[in-house]
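Please look through the sequence and the model shown here before reading on.

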Amino acid sequence: MLRLSAHTGSAWFAAVERDFGTFLQDHAACERKALATAMALVAHYPDRVELVDAMIVLATEELDHFVRVRELLCARGIPLAVDKKSVYAAGLRRQLRVLSGARLTDRLLVAAIIEARSCERLGIVARNLSDGPERDFYRELAVCEARHHADFVRLAKTYADPDDVDVRLDELLEFEAAILAAQPVSAHVHGGGLQLNDEVVPDSSIASSAAGTGRHGGD
Ligand SMILES: [Fe+2]
Ligand SMILES: [Fe+2]
């Protein structure tokens, strides 16, 4: 099940609606970076057979997502965006521990968290789009990214004590929420726009139906 310590509010999708082109460009970049992350893990841990097997499958899926998001861009006459450093991903990477075993755990958990946030937000997009191929596409992707989140958590627990992994995941989830809370609301997949304290957002997203939501929901 999906784990996040803070949920996205209505302001985020309002920003996406105002600038759907920027959202698509950033989404394409996210898929490309997910592919690169999977192959970087293959390069850094070639002797971890289960990890390598999973990352090859994941990379194939992320490439397919990238191709399909680019097709949406092309249909609108929008080019891919110039590569930009992600404040969100950089903030998460700063939390990586240095010792080799702990570093692998953290790399897998950071990837799991990025997948979880992507799943939540692509699910919000799917829920708010009109019926049609784009809605179907985002619904499919939200389910897929939920599975990727679970795969990364499972892999982390393959190579480290599962209880330690759960504790570390909760710590990193708190960092993730703090990073997002410090960012301005934007149409980017990992831009600011967390739920405000007094905001009621129905918990009926694709993400929750696909994988469940909530910090204590397990994985
Ligand atoms: Fe993806
Ligand atoms: Fe993914």
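**A walk through the helices**

Of the 219 residues in the protein, 42% are buried, where a residue is called buried if 20 or more other C-beta atoms lie within 10 Å of its own, exposed if 12 or fewer do, and partly exposed in between, with C-beta atoms placed from the backbone. The model is a predicted one, in which local features need pLDDT of at least 70 and side-chain atom pairs count only at pLDDT 80 or more, while totals for chains, interfaces and linings use all residues. Residues are numbered from 1 along each chain as its sequence is written, and chains are lettered from A and ligands numbered from 1 in the order in which they are written.

The protein has 8 helices and 0 strands, and its pattern along the sequence reads α-α-α-α-α-α-α-α. Here helices (H or I, at least four residues) and strands (E, at least two) are DSSP runs, numbered from the N terminus. Among the contacts that join residues at least 6 apart in sequence, 78% are between residues at least 24 apart, a contact being counted if the C-beta atoms of two residues, placed from the backbone, lie within 7 Å.

At 1.5 Å a residue, its 27 residues should span 39 Å, and because the end C-alpha atoms of H3 are 39 Å apart, the two values agree; the expected span is 1.5 Å times one less than the number of residues in the helix. Which residues of H3 are buried? They are Leu-51, Ala-54, Met-55, Leu-58, Glu-62, His-65, Phe-66 and Val-69, and the buried residues of H3 pack against H2 and H6. An α-helix has 3.6 residues a turn, so residues three or four places apart point the same way. After H3 comes Gly-77, with a positive phi near 70 degrees.

The packing of H3 can be followed one partner at a time. Two packed helices are described by the angle between their axes and the distance between the axes; the axes are lines fitted to C-alpha atoms, for helices over the stretch in contact, and angles run from 0 to 180 degrees between N-to-C directions. H2 and H3 make a left-handed crossing, that is, one in which the near helix is turned anticlockwise from the far one by less than a right angle, clockwise being right-handed. The contact of H2 with H3 contains 19 nonpolar, 3 polar and 4 charged residues, with Ala, Val, Leu, Ile, Met, Phe, Trp, Tyr, Cys and Pro counted as nonpolar, Asp, Glu, Lys and Arg as charged, and the others, Gly among them, as polar.

One residue of helix H2 is Leu-24, which counts as buried because 23 other C-beta atoms lie within 10 Å. Leu-24 and Val-69 are 45 residues apart in sequence, yet 6.8 Å apart from C-alpha to C-alpha. Leaving out residues up to four places away in sequence, Leu-24 touches Val-69, Leu-72, Leu-73 and Ile-78.

The axes of H3 and helix H6 (residues 133-159) come within 11 Å and cross at roughly 160 degrees, which makes H3 roughly antiparallel to H6. The crossing of H3 and H6 is left-handed. Residues making this contact include Leu-51, Ala-54 and Leu-58 of H3 and Phe-137, Leu-141 and Cys-144 of H6, and by class the contact of H3 with H6 has 8 nonpolar, 3 polar and 5 charged residues.

Elsewhere, helix H1 (residues 10-18) packs with H5 at an angle of about 65 degrees, their axes 11 Å apart, which makes H1 roughly perpendicular to H5. Trp-12, Phe-13 and Val-16 of H1 meet Arg-121, Ile-124, Val-125 and Asn-128 of H5 in this contact.

Ala-102 is found in helix H5 (residues 100-128) and is partly exposed, with 14 other C-beta atoms within 10 Å. Asn-197, in the loop between helix H7 (162-181) and helix H8 (206-211), counts as exposed, with 6 C-beta neighbours inside 10 Å.

Methods: Parallel < 35°, antiparallel > 145°, perpendicular 65-115°, else oblique.
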